[in-house]
Amino acid sequence: KEFTSKTDKITKRPIWLLAVLVLTIVVVSFFAFVSLGQNYQDKIRAQIENDFIERQQFLVADAANLIFESFNDIENNLVLLSEDPIIRYGKPDDCQKRLQYLTSLVNAKMGNVGRVNVDGLFACSLTTGLVGFDALQFEYMQKIINNEEHPKVLSRARVFVYEGGREEYLSALHIPLFDDGEFIGTLGGAVFFDELPQLLLSSLTNVNSGGVVLLDDNGDVLFSDREQSIGKNVIDNGLDIAEVETLKEIYIEAMNSQDGIFVHEHLHAGESEKSILSDGEASEYVAAYKTVEIIPGHNWIVVVEADLSDVKETYASFTNNFQIQLLVVLLALALVLFLVMYILFYWKKILEGQVQERTQKLNSRTSELEKTQVKMKDKVEELEKLNEFMTGRELKMLELKKEIKELKNKLKIT
């Protein structure tokens with residue numbers, strides 16, 4: 001009975017214990033996979049951001065290098081022109097003809113090329129109307145002529161109005177001329193910004209990118225694919241509100257560092273850092289910037305705005321694939337747990353059958369033992385009766401022997 005009671009407790013243990021165990025395994029496994037998956041997703045997001053940043057830095061470095069090389073070519077062409085004696089010393093008509101010939105020959109990429117004497121007056125120019133014009137009314141020309149070191153200068157960009165009303169946005173570059181170490185004047189011309197779109201965008205033809213902006217180190221917008229912004233100043237808030245918020249911040253950052261990545265502030269509650277990708281969405285504005293020293297002391301800032309479609313698509317594709325993979329893993333886990341539960345229930349059923357079989361055998365054996373015990377009890381009772389009978393017979397025989405002996409003794413006496 002005691003054995004039967006114990007086996008009943010084993011085989012009839014509440015099924016909810018097994019259910020709780022399996023549910024606990026499922027919940028723990030689920031959160032473990034989700035936690036590991038989140039960590040993996042964060043690593044992938046960081047990798048996507050790093051790759052994106054490296055690409056933007058490469059693009060802006062390439063664009064900045066093209067601008068520097070192009071500007072350097074312009075300066076080198078001026079140096080070549082300045083070595084011609086007719087341009088250096090010739091009369092206005094001769095100098096003008098020589099300038100026309102050589103600028104077309106060397107592809108000077110400049111306009112209004114002219115020579116200014118030490119007195120600040122234009123001695124000759126491709127634009128004949130400039131001959132005799134006092135260049136000292138411009139601050140940058142005062143710097144190259146009046147400064148003892150006579151450094152090359154680049155003017156701030158401005159709108160130049162030609163005869164007839166045609167306007168062009170340009171800067172003026174002038175280099176010093178020396179004769180046996182003596183300063184004799186300058187040679188320079190206009191750098192036109194209408195050629196910059198092709199120059200800046202040529203490095204971005206084969207890749208997806210956003211807009212391109214070129215800033216002067218005083219905040220002027222020298223070039224932008226948004227034409228209404230050209231000539232405006234980011235410090236003076238001459239741009240629309242949305243653009244000035246970004247370009248002004250980029251300008252401030254660029255003045256403190258040579259290059260970098262600008263991410264428009266796109267923070268959520270509890271976040272303390274800027275992120276290109278936040279909660280699966282790309283920030284509204286990302287741009288790489290690089291400072292280019294055009295001439296000593298005068299810098300331009302190249303800004304390559306990011307096309308976020310690529311990074312959004314890449315991250316969205318990864319997120320979708322990851323979610324599918326996570327779902328597959330969880331389904332596989334659920335299948336394994338289902339098989340484990342099935343095996344446990346099947347094993348429990350087999351065990352219960354084995355216990356029942358053994359219990360029946362034990363009960364049958366117990367019944368046989370009980371019957372045998374009854375038989376043994378009956379035989380014991382018979383033996384006890386026989387023993388009592390035999391014991392009484394022996395006692396009776398002893399008494400008879402005693403009586404016989406007494407009778408013999410009496411007979412002898414008589």
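A: The answer below takes the charged side chains, then the rings.

The model is predicted, so local features need pLDDT of at least 70 and side-chain atom pairs count only at pLDDT 80 or more, while totals for chains, interfaces and linings use all residues. Residues are numbered from 1 along each chain as its sequence is written, and side-chain values use heavy atoms, with hydrogens and water left out.

Side chains of opposite charge can pair when their charged atoms come close. A salt bridge here is a side-chain nitrogen of Lys or Arg within 4 Å of a carboxyl oxygen of Asp or Glu. By this rule there are seven salt bridges. One of them joins Glu75 and Lys152, whose closest N and O atoms are 2.3 Å apart. These two residues are 77 residues apart and link distant parts of the chain: Glu75 is in helix 2, and Lys152 is in the loop between helix 5 and strand 3. Helices (H or I, at least four residues) and strands (E, at least two) are DSSP runs, numbered from the N terminus. Glu75 counts as buried because its relative accessible area is 12%, and Lys152 counts as partly exposed at 26%. The cut-offs are under 20% for buried, over 50% for exposed, and partly exposed in between, with a 1.4 Å probe and protein chains only.

Asp259 and Lys290 form another salt bridge, at 3.4 Å from N to O. Here too distant parts of the chain are linked, with Asp259 in strand 9 (residues 259–263) and Lys290 in strand 12 (residues 286–295), 31 residues apart. Asp259 is partly exposed at 42%, and Lys290 is partly exposed at 25%.

The bridge between Glu357 and Lys361 has an N to O distance of 3.7 Å. Both residues lie in helix 8, four residues apart, which is about one turn of the helix. Glu357 is partly exposed at 43% relative accessibility, whereas Lys361 is exposed at 54%. Elsewhere, salt bridges with shared partners join Arg156, Asp216 and Asp217 into one network.

Arg115 is buried and has no salt bridge; Asp84, the nearest side chain of opposite charge, is 8.5 Å away. In this count Lys and Arg are positive, Asp and Glu are negative, and His and the chain ends are left out. The side chain of Arg115 does reach the backbone oxygen of Ile87, at 2.6 Å.

Now the rings. A pair of aromatic rings is described by the distance of the centres and the angle of the planes. Rings of Phe, Tyr and Trp (its six-membered ring) pair if their centres lie within 6.5 Å; planes under 30 degrees apart are stacked, over 60 edge-to-face, and the rest tilted. That rule gives five aromatic pairs. Phe71 and Trp300 have ring centres 5.5 Å apart and planes at 75°, so this pair is edge-to-face. Phe71 lies in helix 2 (residues 15–82) and Trp300 in strand 13 (residues 298–305), so the pair ties together parts 229 residues apart in sequence. Both Phe71 and Trp300 are buried. Phe133 and Phe138 make a tilted pair, 6.0 Å centre to centre with 40° between the planes. Phe133 is partly exposed at 28%, as is Phe138 at 21%. Ring pairs also link Phe122, Phe133, Phe138 and Tyr140 into a cluster.

How values were computed:
Polar contact = N/O pair within 3.5 Å; in protein donor to acceptor, adjacent residues only side chain to side chain.
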